[in-house]
Amino acid sequence: MASELPVWAYSAAPVAAPEAQTLPVFLAPPPPPPLPAGYHLLPPFSLAFQVPSTLLFEMDSRRSSSLRQFLEDEGAVPTPEEDMTREQVIRKLKEIVMDWAKAVGFEQRVPPRRVTATVLTYGSYTLGAHGPESDIDALCVGPCIANLPHHFFVVLRQILQRRPEVSGLQTVENAKVPLMRFTFSGISVDLTYAQLHVIDAVQAINSSSPQFLRRLDSRSLRSLSGVRVNEQIVQLVPNAETFQVLLRCIKLWARRRGLHCHLLGFFAGIHLAILAAYVCQKYPNATVNGLFTMFFEIFANWPWPIPVDLHGQPFKCRRPDGCLMPIVMPCTPPELCVSNMTEGTFRKIREELMRGYTLTKDLWRHDFEWTCLFEPFPYVTTYKYFLCIALCASTSEELQDWAGWVKSRFRYLILKLESNGIECDPDSSQEVDHTVIKPNIVYHWGLISHTFTRLDIGSLKEDFMKDVVNDVYGNVKCTHSELAMSIVEQSELPKSMYGDSFYSWNLPMHMVGYQAATDCWSAVG
């Protein structure tokens, strides 16, 4: 029986299906990230030459000032108007969930005046380290009569969909921490849910009593953990202002170097917040430059898998999937942050930490520029081959839902590649194939092979789809959606992945995008 045409096949006339795409070459792992052009390591500093402390203080002060200015220039600090918009979004969300709770009370024949719900925030926004493009991590705290499957994911979702300020709403129902993701007045919101065993959720949550935690289900406890950890971090850092600036620096660096995407096996926001708090604890009187420098020095040389713990207590790593780079949440009882890290993503993190340490450790350099440290990771020039993952759906709303579900399963794909002897560097940025009629998203992951490897892309996709449609929920998601995989060379990447300067000097003009394809990928006409 003839196999089906691949999604990316040409649409002109029926042709035989091509052979399974393989990766028949030896791909040596790339060297550690290079230093910027013209940037050389200085020889070891001579002990015979003593730098005056006043000079070191002045240079440290200048670097701190220039770092703060760099954050401003790069748009990493929100304006007062942007902060006001976020406050309005949170206030409206609180009103919406309160009305929702009373509607649920009326449905359950409970006096609405007794039923309450509220919204708590956590993450970078609550820590004061958010940027203009940061999302709002919010927790809906509801009463015992409002359950997760129906009242949260059906009733509240319908209420939000009817709001004119809300767009792009998608649900991730089977995740460890189920959530709804949407845009509210231009601000991205991740909304999780905790169901308390009381009718008046507002009074219970404001009491700060541990009593309401005792009967919570595991999902509600995990949802509440973000709020509880935030409260602990705020109490443990000695200087809130320098902590906020440091965390902004670390987050910007992680985004630029491709390390800030939890679903792809890199850092989540909570990981970076705890690492930043640890440095602030160790050096309570340091400047922002000093803290940022010590961040790289400490964690580039950290003896992993020894856990990072803000309380400094012995902690045994009990979960194998969290032991590559264990980070302990400052809550009671202590537990590890959830981690999707793999051997490959862990290796890249360590390389980037060492690169940061190399660039920042020499305080006396006169040619130092923050732009070197924050330079975007050069995926295009680092890897020769890429795994192309294309997602397609009938509407933009279905595509957002489909993409959210597939991304929540990406760790399985990364592990399948590694089991075949191939590490990958997954780029979190999304491309769009403009030759395709239907809404689509395309990802490109750099491929690294340590041995002579033949990768059967057909088998890889087939195995991965088993993880995507492993339950009824996944089957429903893929009913009207598609996923395609292929291997592309560096020269086949879309123009948008290249910087303007690289494109204008290195690429021929015909390398501007993708070829047309069949089925839902057929070119516009």
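A: Trp304 is buried, with a relative accessible area of 14%. Buried here means under 20% relative accessible area, exposed means over 50%, and partly exposed lies in between, with a 1.4 Å probe and protein chains only. Trp302 likewise counts as buried, at 14% relative accessibility. The model is predicted, so local features need pLDDT of at least 70 and side-chain atom pairs count only at pLDDT 80 or more, while totals for chains, interfaces and linings use all residues. Residues are numbered from 1 along each chain as its sequence is written, and side-chain values use heavy atoms, leaving out hydrogens and water.

Rings of Phe, Tyr and Trp (its six-membered ring) pair if their centres lie within 6.5 Å; planes under 30 degrees apart are stacked, those over 60 are edge-to-face, and the rest are tilted. By this rule there are 24 aromatic pairs. One of them joins Trp302 and Trp304, a tilted pair with 5.7 Å centre to centre and 45° between the planes. Both residues belong to one aromatic cluster, whose members are Phe70, Trp253, Tyr278, Phe292, Phe295, Phe296, Phe299, Trp302, Trp304, Phe368, Trp370 and Phe374. The ring of Phe368 also has the charged end of Arg63 over it, 3.9 Å from its centre. A charge sits over a ring if NZ of Lys or CZ of Arg is within 6 Å of the ring centre and within 35 degrees of the ring normal. Another such arrangement places the charged end of Arg350 over the ring of Phe346, 4.2 Å from its centre.

Helices (H or I, at least four residues) and strands (E, at least two) are DSSP runs numbered from the N terminus, and the chain has 17 helices and 11 strands.

Strand 5 (residues 187–195) is mostly covered, with 8 of its 9 residues buried. Strand 2 (residues 136–142) runs parallel to strand 5 and is joined to it by 7 bridges, with Leu139 opposite Thr192. Strand 4 (residues 179–184) is antiparallel to strand 5, with 6 bridges; Leu179 stands opposite Thr192 and Met180 opposite Leu191. These two strands form a hairpin with 2 residues between them, and Ser185 in the turn has a positive phi of about 55°. Strand 3 and strand 4 run antiparallel with 5 bridges, and a hairpin through 6 residues joins them.

For the chain as a whole, buried residues make up 50% of the 525 residues.

Note on methods: Two strands pair if DSSP finds at least two bridges between them.
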